Amino acid sequence: MTSSIALRIATVRQQLPASVKLIAVTKQVSVAAMREAYAAGVRDFGESRIQEAAVKQAQLQNICDITWHFIGRLQSNKAKKALEQFQWIHSLDSLELAQRLERLASKVNLRPQVCLQVKILSDPNKSGWTVPELFADLGELSLCQNLQIQGLMVIPPLGLNESETFDVFQQARELAAKIQQMSLPHIQMQQLSMGMSDDYQLAVRAGATMVRLGRTLFGERPV
Ligand SMILES: *Cc1c(COP(=O)(O)O)cnc(C)c1O
């Protein structure tokens with residue numbers, strides 16, 4: 001029997017180019033549903049809370065080919081846990097946090113893959129660098145040799161229409177290309193983590209390489 005989660009995953013996959021990584025966002029999603037997603041071929045899971053993720057990771061520890069992506073706001077006192085529990089951190093949002101992760105990573109000999117969270121448009125509800133702030137910090141970021149900076153993570157502000165949303169994603173792609181051209185040490189810009197349930201098709205059209213999908217795969221979250 002094919003589960004509804006498996007069907008939804010298959011449907012979404014048909015819409016995604018093979019090169020786009022599907023990250024199943026499983027905040028507030030049960031371990032049983034995560035197992036269904038795994039059975040349907042998902043290997044990348046995104047969580048936004050360290051503690052919630054730890055509980056699920058313990059229950060899924062017999063599965064060794066899951067890649068864990070941290071996508072939530074990372075408090076500095078949880079940086080060490082994030083490093084130990086996740087291979088990817090999409091939501092790196094300040095130089096201070098980057099430097100903290102860098103110190104911790106060198107101590108424990110880990111080299112996390114990270115995305116820099118950027119606000120293309122100002123957004124009081126989101127953390128991350130504005131574009132000018134990011135350019136100001138790139139030099140220091142490129143000294144973080146234990147971080148594998150792979151690209152940008154972008155969440156458009158709420159309330160934009162389709163063309164405005166698409167424009168944000170395109171600007172993100174152009175920004176990544178511009179930074180890539182600077183050829184800074186330890187900074188790669190091949191990854192664009194952008195696109196959620198309501199806007200992933202636009203994100204993919206604009207060049208997303210990783211989409212982070214929750215509700216489209218698992219249904220609405222309880223409020
Ligand atoms: C919750 C969340 C998602 C998934 O959102 P959906 O609308 O459920 O697809 C993606 N990215 C981040 C950062 C999130 O917090």
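This briefing describes the ligand site and the cysteines of one structure. The model is predicted, so local features need pLDDT of at least 70, side-chain atom pairs count only at pLDDT 80 or more, and totals for chains, interfaces and linings use all residues. Residues are numbered from 1 along each chain as its sequence is written, and side-chain values use heavy atoms, with hydrogens and water left out.

**Surroundings of the ligand**

- The residues around the ligand include Val25, Ile71, Ile155, Met196 and Leu213; a residue is near a molecule if one of its heavy atoms lies within 4 Å of it.
- This shell divides into 5 nonpolar, 2 polar and 4 charged residues.

- A polar contact is a pair of N or O atoms within 3.5 Å.
- An oxygen atom of the ligand lies 2.5 Å from a side-chain N or O atom of serine 197.
- Lysine 27 has a polar side-chain atom 2.7 Å from a ligand oxygen, and arginine 215 also places a polar side-chain atom 2.7 Å from an oxygen atom of the ligand.
- Of the 390 Å² of accessible area that the ligand has on its own, the protein covers 91% (Shrake-Rupley method, 1.4 Å probe).

**Cysteines**

- A disulfide is a covalent bond between the sulfur atoms of two cysteines.
- The structure holds 0 disulfides, counted as pairs of cysteine sulfur atoms within 2.5 Å.
- The closest cysteine sulfur to that of cysteine 144 is in cysteine 115, 15 Å away, which is too far for a bond.
- Cysteine 144 is buried at 2% relative accessible area, whereas cysteine 64 is exposed at 75% (buried means under 20%, exposed over 50%, with a 1.4 Å probe and protein chains only).

Definitions and conventions
A polar contact is a pair of N or O atoms within 3.5 Å; within protein, one must be able to donate a hydrogen and the other to accept it, and residues adjacent in sequence count only if both atoms are side-chain atoms. Ala, Val, Leu, Ile, Met, Phe, Trp, Tyr, Cys and Pro count as nonpolar, Asp, Glu, Lys and Arg as charged, and the others, Gly among them, as polar.
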